Amino acid sequence: MNDNIVSYVLSLFDTAPTPLLVFLIFGVAIFILVNVMALIGGLGTYAERKISADIQMRQGPNRVGPYGILQFLADGVKMITKEDIIPSESNKFLFTIAPILCLSGVLATLAVIPISSGFILTDLNVGVFYLLGVSSLVGVGIFLGGYASNSKWSMLGGMRGASQIISYEVPVTISILTIVLLAGSLSFKELISGQGGYPWTWYVFHNPFTFVSFFIYFVSALAETNRAPFDLPEAESELVSGYHTEYSGMRFGFFALAEYIEVFVVCGVAVALFLGGYKVPFGLGGDTIFGQFFQIGSFFTKTFLLYYVVIWVRWTLPRLRVDQLMSICWKYLTPIALFNLVGTATWIWLFENKSMVELLMSALSGSGSTGH
Amino acid sequence: MTLYSYLLISLFLFSCGIIVMISRKNIIAMLLGIELILNASAINFVAYSRFLSGNIDGHVMSLFIIVIAAAEAAVGLGIVIRFFQLKESIHIDSAAELKS
Amino acid sequence: MFDSFLFYLSAFLTCFGAVLVVLERNLMHACIYLLMSLIGTAGLYFTLGADFLAATQLVVYVGGVVILMLFAIMLTGGGLENKKDRLANLLSYIPPMGSLKSYIWGSITAVAFLSFSINITTKLVKSTEINGSIKIGPTVEQIGVKLLTDHVLMFELSSVLLLGALIGTAIISRPSKEIFLERK
Amino acid sequence: MLTTNMDIYIPVVALSAIGVLMVAGALIVGHFLRPKNPNKLKNQPYECGEDPVGSAWANFNIRFYVVALIFIIFDVEGALMFPVAAVFKKFNEVGAGGVVLLSILVFIAVLVQGIVYCWKKGDLDWVKSFKVPDSESAHEVKE
């Protein structure tokens, strides 16, 4: 129970835990993870610009470093040396606290992301539910960012952002509930252990309802992270820059960083819940240290594929209108998600938790044996 | 970290909530006070469940307290907003029509 | 070591947030301090081994109630209170209850009552407290079983409560044409 | 494998603290690097070059509140459903799946009535129009 990085590392060296050792291992692991996430946030902006350039047949950033890959460092230097403007009409306390809420909320979700069977910072018993709760801090942060600026564009963006985030949290929650029904637990390790390394053992192909559920989760998660085609809170053609119109320099940088890390987290959760998580085919490597690398590779490959899809969608689809946004959430996604929930429960009750493929196999073997 | 410390925190939260409810004239501020009071009672349930009985019933009660608090906040704030539309004010003294 | 640190951190957040809610005059700020107090309460639930309740606290309060309150504050004029209510000194937080004599009698009664009740509670606690470390069981499963067996009626009735709250508030806060036309 | 049971929450606290410290640290470091010469025009809220008129903290459309309201009801519904969903499989294994399925169905059916009601009454439509009685019946008033 409660396996995490400390128990894994200690079992490798076969030592008993002491408080110092526990703090040390957690410290190193958190340091690595936060740095990797900052790198992913930075490279996310680079990837976004490069892929969009590719889609629009442009060059994209190509000056700083080979293929412009160091562009994000240049951006960081620019942001930190930029003048920090706080509008005179704004509410300074709320203006300062808004990016902190966004970034803290997103970073705290990283504690339960299962990167491999050993590298999971902590495997809480309420993993998914905790993740939902902590990530809702982002909504408060965006709303306050919009409110504190005391600018009309920011205000509109903040209101839209908050109402969009909270609306789309409902389909996300209900889609996650369907997977919880199948796995019978809320901890990420348990959720993944019900799946296998092959695509037909993933929960997304478990039954027709979870297949629909995956797409509902993905669309709603896109909307929750304010990505296009749901980027109404920062729609540049109508609201200048939305809730971070008045933010400059590093404060804006933290909003952007939080957004890119959140996209990664959302994709990681989609992989863990629906696409088999860190499981590798044939159980390559087993529980050894090499197996861990295979698992990390498996997790990151799937996650970055989804990340690519997110960017691809952003530069392909046009933006929605605000009334369409709300009607999609409440009139289509939520009823379908509720139907999926009931459908999955009925499926488990009728077929005793067997997946489509298992049923097909048993039907085939059954008919084959009777036929002969 | 005994039951006593949790009860103290709960007492403190409860009194803060009462003070907010008494001293503020803004209806939404009074609703904030009610949230504090409900939280204090929920902490009490969980603390007693952990230290005295050892079973999980206290958790279930706290869960229902949270549910009721959410419903209360929704209805209360709905009334406040409608009241603001009618009176252009959320001062508690402007809701004194039933007073003779 | 970390468990006591977590306890003191959460207790500090809870109490400090509550005090600031009392002292803060700007409603928006008070709402943020309430958020701080609620997160501290979630931490207290974690130290009590009630991990599911802590997560519920985060989901329902941080994600729901606080945002609802922020919306309501903004819809009712940004929480800028009247000058009349903006009291500067701490003394004015004490509610008026008559002469000095009543204050003295009131405090004596309060002290006597508190010491009496605390005396009883400590005896009760000392006699029945369970010793040993906190057992973090999977509280989710236990709560689920309780919700489906002992408390199934409350589980179903809470859905009726939520339905009532939803429909009632939808009716109350629906923008009506009378008010709209009146404003025009 | 840990010293105390509470140690599993170290990453939670540490990562939230890092979120706060990162912002504070970057702002403090940036304080020594960045220029600082504010003027009155620069500190105005952005309004496309015009002088800003009035405060943005005005009253907003009540639609936002109705959405938040429906959300919070479903949020609480999720909070109640999670423990039930987590034990559904175990109940199903001992043959009580039908009863649990029924209670889940009743729970969801009651809540679906709420969303159906809001749908029928038009609370879910973002832009709601209504007819103005008698004298101005020619035009529809949009909010």
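Which helix of chain C has the lowest confidence, and which the highest? The points below take this up, then turn to the other chains.

1. Basis. This is a predicted model, in which local features need pLDDT of at least 70 and side-chain atom pairs count only at pLDDT 80 or more, while totals for chains, interfaces and linings use all residues. Residues are numbered from 1 along each chain as its sequence is written, and chains are lettered from A and ligands numbered from 1 in the order in which they are written.

2. Confidence in chain C. The mean pLDDT (the predictor's confidence in each residue, from 0 to 100) is 78 for chain C, and 76% of the residues score at least 70. Within chain C, helix α7 (residues 177-183) is lowest with a mean of 58, and helix α2 (residues 27-47) is highest at 89. Helices here are DSSP runs of H or I with at least four residues, strands are runs of E with at least two, and both are numbered from the N terminus.

3. Two residues are in contact if their C-beta atoms, placed from the backbone, lie within 7 Å.

4. Overall form of chain A. Chain A has 14 helices and 0 strands. Its radius of gyration is 22 Å, close to the 21 Å that the globule rule gives for 372 residues, so chain A is as compact as a globular protein of that length. The radius is taken over C-alpha atoms, and the rule is 2.2 Å times the number of residues to the power 0.38. Along the principal axes, the C-alpha atoms of chain A fill a box of roughly 80 × 55 × 40 Å.

5. Packing of chain A. Of the 372 residues of chain A, 56% count as buried. Buried means that 20 or more other C-beta atoms lie within 10 Å of the residue's own, exposed means 12 or fewer, and partly exposed is in between, with C-beta atoms placed from the backbone. Among contacts in chain A with a separation of 6 or more, 78% join residues 24 or more positions apart.

6. Helix α7 of chain A. This helix (residues 152-183) has 32 residues and reaches 46 Å from its first C-alpha to its last, close to the 46 Å expected at 1.5 Å a residue. The expected span is 1.5 Å times one less than the number of residues. α7(A) is mostly covered, with 32 of its 32 residues buried. Just after α7(A), A:Gly184 takes a positive phi of about 70°.

7. A:Met57. Most residues other than glycine have a negative phi. A:Met57 is not a glycine, yet its phi is positive, about 55°. A:Met57 sits in the loop between α2 (19-55) and α3 (71-80) of chain A. A:Met57 counts as exposed because it has 6 C-beta neighbours inside 10 Å.

8. Chains D and A. Here 60 residues of chain D are in contact with 72 residues of chain A. On the side of chain D that touches chain A, α1(D) has the largest share, 16 residues. The residues of that side of chain D divide into 42 nonpolar, 11 polar and 7 charged. Nonpolar covers Ala, Val, Leu, Ile, Met, Phe, Trp, Tyr, Cys and Pro; charged covers Asp, Glu, Lys and Arg; polar covers the others, Gly among them.
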